[in-house]
Amino acid sequence: MSTEAKRKIRNIACIYLFFILVWLIILGIYKLRQYMEHLEQMRRSEAYMFSYEGYFKHNIAKLVDGKLEFTNHKGEVYIIEDDIDLKKIDEEEEAYIEHKINKFGEFQIIEGEDTPEKIANFNNNMTHIKVWNDVDKEYKTISESEKLHEFKEISDLDGLIIYMGQTSEKGVENIDELDIVGHDRTWSPTKIIYDYGNGEEKVLKEKDNLYIRDLFKDNSKR
């Protein structure tokens, strides 16, 4: 093979290698960009889950007459009681998304004096309250009516937090399913009773709804 032919082959090979290198660089940049976008999305998801936990536990605290204690990433402690206080959680979320901080604070529900009684009321109501189902022509427990899994007695605040975070058969968290109780699957308010289990019952709502706060009240009084 002549020197000229070898030179042409070498030039062609160099051109091919150049384009391969350019393609690899472009592919690498594309993959890196995808990876960085994935990391940012993960960071946003982590921030959202942190914020959601705060709002979720704040709602639980209100239901049991407790208080939500928030310790931020600096170790500063706040009691979250109203919408203004909730901004402390939002600020922590935003700071994490913007890479100003790399860790979150934590939440703790402080029980109130009436918290054990509220949980006991909830257990009684979930066991004894029944909702009229106009389709099946029978009363059903709240769990059956709202398509929740079988209710088991809750012993403490931690158990309540776990229960409220579980999902129904429809994939909705229990705390959201229980927000309004009393539709008879026709999207109309229906009759709600307290069944004492001994043949006696008390009408709670003739044709209306119960709200989640009602489930933490003592509805057994005749």
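In what order do the strands of the open sheet of four strands run? The order is 5-4-7-8, with antiparallel pairing. This is a predicted model: local features need pLDDT of at least 70, side-chain atom pairs count only at pLDDT 80 or more, and totals for chains, interfaces and linings use all residues. Residues are numbered from 1 along each chain as its sequence is written, and side-chain values use heavy atoms, leaving out hydrogens and water.

**The sheet**
- Strands are DSSP runs (E, at least two residues), as are helices (H or I, at least four), numbered from the N terminus.
- Two strands pair if DSSP finds at least two bridges between them.
- Strand 5 (138-141) and strand 8 (201-208) are the edges; each has a single partner strand, so one side of each lacks a neighbour in the sheet.
- Strand 7 and strand 8 pair over five bridges, in the antiparallel sense.
- Ile192 stands opposite Lys205 in strand 8.

**Helix 2**
- Buried residues (under 20% relative accessible area, 1.4 Å probe, protein chains only) in helix 2 include Leu86, Ile89 and Tyr96.
- His99 follows helix 2 and has a positive phi, near 65°.

**The core**
- A nonpolar core is a set of buried Ala, Val, Leu, Ile, Met, Phe, Trp, Tyr and Cys residues joined through side-chain atoms within 4.5 Å.
- The largest has 37 residues; Phe122, Leu160, Met164, Leu178 and Leu215 touch the most other members.
- Another core, of five residues, lies apart and includes Ala95 and Ile101.

Notes:
Buried < 20%, exposed > 50% of the residue type's maximum accessible area, 1.4 Å probe, protein only.
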